[in-house]
Amino acid sequence: MVINKKVTGKAMSMPLGFAVGLAISMVVTLITVGIMAQLVLGEKMKTEVIGYGSMATLLLSSAAGAWVAAKMVKHRWMVVCLGAGAVYFLTLLACTALFFGGQYEGVGVTFLVVLAGSGAVGLLGLKGENSAVKKRRKRRTR
């Protein structure tokens with residue numbers, strides 16, 4: 001069987017990809033939380049909808065981090081996406097323990113939202129591998 005992929009040698013290792021994905025997730029989290037804080041301070045957003053905004057923040061942040069990590073690692077897309085989501089979730093738990101004295105509230109919902117964000121990116125990356133369309137094989141030449 002002929003392999004059509006060109007090896008470029010530019011893929012990162014998984015731990016380094018997870019670290020880059022975590023950095024992107026944290027940056028997106030800080031930016032979106034800052035935007036929400038400005039909206040609340042400017043009275044353009046009510047304080048009752050902060051929960052929905054934080055869920056959207058978690059979904060967007062985990063998806064962005066998983067996508068960047070998967071693009072950097074360049075193989076095992078689903079494993080990398082779920083791993084990046086797990087690293088992000090564990091970092092959020094560590095931040096809760098460090099800054100808020102271990103008041104763990106809404107951990108289950110946070111886990112599900114982070115899993116949904118990183119899992120959705122993982123599923124989107126798998127769409128082209130096993131499609132039902134017949135592919136044309138390249139012939140070997142000797």
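Contact here means heavy atoms within 4.5 Å. For the classes, Ala, Val, Leu, Ile, Met, Phe, Trp, Tyr, Cys and Pro count as nonpolar, Asp, Glu, Lys and Arg as charged, and the others, Gly among them, as polar.

Quick housekeeping. This is a predicted model, where local features need pLDDT of at least 70 and side-chain atom pairs count only at pLDDT 80 or more, while totals for chains, interfaces and linings use all residues. Residues are numbered from 1 along each chain as its sequence is written, and side-chain values use heavy atoms, with hydrogens and water left out.

So what does the protein have by way of secondary structure? It comes to four helices and zero strands, in the pattern α-α-α-α along the sequence. Helices (H or I, at least four residues) and strands (E, at least two) are DSSP runs, numbered from the N terminus. Of contacts between residues at least 6 apart in sequence, 73% join residues at least 24 apart.

Back to our first pair. Helix 2 and helix 4 (residues 107-125) pack at about 40 degrees, with their axes 8 Å apart. That makes helix 2 oblique to helix 4. The axes are lines fitted to C-alpha atoms, for helices over the stretch in contact, and angles run from 0 to 180 degrees between N-to-C directions. Under 35 degrees counts as roughly parallel, over 145 as roughly antiparallel, 65 to 115 as roughly perpendicular, and the rest as oblique. The crossing of helix 2 and helix 4 is right-handed; that is, the near helix is turned clockwise from the far one by less than a right angle, with anticlockwise being left-handed.

Now helix 1 (residues 14-41) and helix 2 (residues 50-73): their axes come within 7 Å and cross at roughly 155 degrees. That makes helix 1 roughly antiparallel to helix 2. Their contact has 14 nonpolar, 11 polar and no charged residues, and this crossing is right-handed.

Helix 1 also packs with helix 3 (residues 77-99), at about 55 degrees and with axes 9 Å apart. That makes helix 1 oblique to helix 3. Among the contact residues are Phe18, Ser25 and Thr29 of helix 1, and Gly83, Tyr88 and Cys95 of helix 3.

Let's zoom in on threonine 29, in helix 1. Is threonine 29 buried or exposed? At 12% relative accessibility, threonine 29 counts as buried, where buried means under 20% relative accessible area, exposed over 50%, and partly exposed in between (1.4 Å probe, protein chains only). Buried residues make up 27% of the 142 residues in the protein. Leaving aside neighbours within four places in sequence, threonine 29 is in contact with Thr57, Ser61 and Tyr88. A polar atom of its side chain lies 2.7 Å from the backbone oxygen of serine 25.

Over in helix 4 sits threonine 110. The side chain of threonine 110 reaches the backbone oxygen of glycine 106 at 2.8 Å. Beyond its neighbours within four places in sequence, threonine 110 is in contact with Leu58, Phe89 and Leu92.

Last one: glycine 125, also in helix 4, is partly exposed at 27% relative accessible area. Its C-alpha atom is 7.4 Å from that of methionine 78, 47 residues apart along the chain.

Methods:
Polar contact = N/O pair within 3.5 Å; in protein donor to acceptor, adjacent residues only side chain to side chain.
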